[in-house]
Amino acid sequence: MSSSKTALVVDDEAQLLRLVVRVLERAGWQARTAETEAGALEVFREHMDEIDLVLLDVNLSGRGGAEELLPMLLEMKPSLEV
């Protein structure tokens, strides 16, 4: 397993998403991305064991947005940093 940490970045603005990923990668992090709540859940379920941090757009559009997504992620992985 790699010594670098992995973040899941969730934002529905593609330009901002790319910027955050570049900043994280320059700091030595690996990044997984999603633009929707459903996409974030899919990525998180697939890579839960390797994700150390979630950076989440609080104004995420979709069914429940961040208010609904965050509790689901924390229920799956209580030690998750957000």
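This tour moves through the structure one selection at a time and states what is found at each stop.

The model is predicted, so local features need pLDDT of at least 70 and side-chain atom pairs count only at pLDDT 80 or more, while totals for chains, interfaces and linings use all residues. Residues are numbered from 1 along each chain as its sequence is written, and side-chain values use heavy atoms, with hydrogens and water left out.

**First stop: Asp 11**

Please select Asp 11, in the loop between strand 1 (6–10) and helix 1. Helices (H or I, at least four residues) and strands (E, at least two) are DSSP runs, numbered from the N terminus. Is Asp 11 buried or exposed? Asp 11 counts as buried because its relative accessibility is 9%; buried means under 20% relative accessible area, exposed over 50%, and partly exposed in between (1.4 Å probe, protein chains only).

Asp 11 has no salt bridge, and Arg 18, the nearest side chain of opposite charge, is 10 Å away. A salt bridge is a side-chain nitrogen of Lys or Arg within 4 Å of a carboxyl oxygen of Asp or Glu; for charge, Lys and Arg count as positive and Asp and Glu as negative, with His and the chain ends not counted.

Next, display Glu 13: its backbone nitrogen lies 2.8 Å from a polar atom of the Asp 11 side chain. Leaving aside residues up to four places away in sequence, Asp 11 touches (heavy atoms within 4.5 Å) several residues, including Leu 60, Ala 34 and Asp 57.

**Second stop: Asp 57**

Asp 57 is found in the loop between strand 3 (51–56) and helix 3 (65–76). Asp 57 is also buried without a salt bridge, and Arg 18, its nearest side chain of opposite charge, is 14 Å away. Which backbone nitrogen does the side chain of Asp 57 reach? That of Asn 59, at 2.8 Å. Beyond four places in sequence, the residues touching Asp 57 are Val 10, Asp 11, Asp 12 and Ala 66.

How many salt bridges does the structure hold? There is one, formed by Glu 50 and Arg 32, with the closest N and O atoms 2.8 Å apart. Glu 50 lies in the loop between helix 2 (37–47) and strand 3, and Arg 32 in strand 2 (residues 30–34), so the pair ties together parts that are 18 residues apart in sequence. Glu 50 is partly exposed, at 27% relative accessible area, and Arg 32 is partly exposed at 30%.

**Last stop: Met 72**

Finally, select Met 72 in helix 3. Met 72 counts as partly exposed, at 24% relative accessibility. Its C-alpha atom and that of Leu 41 are separated by 8.4 Å, and these residues are 31 residues apart along the chain.

Notes
Polar contact = N/O pair within 3.5 Å; in protein donor to acceptor, adjacent residues only side chain to side chain.
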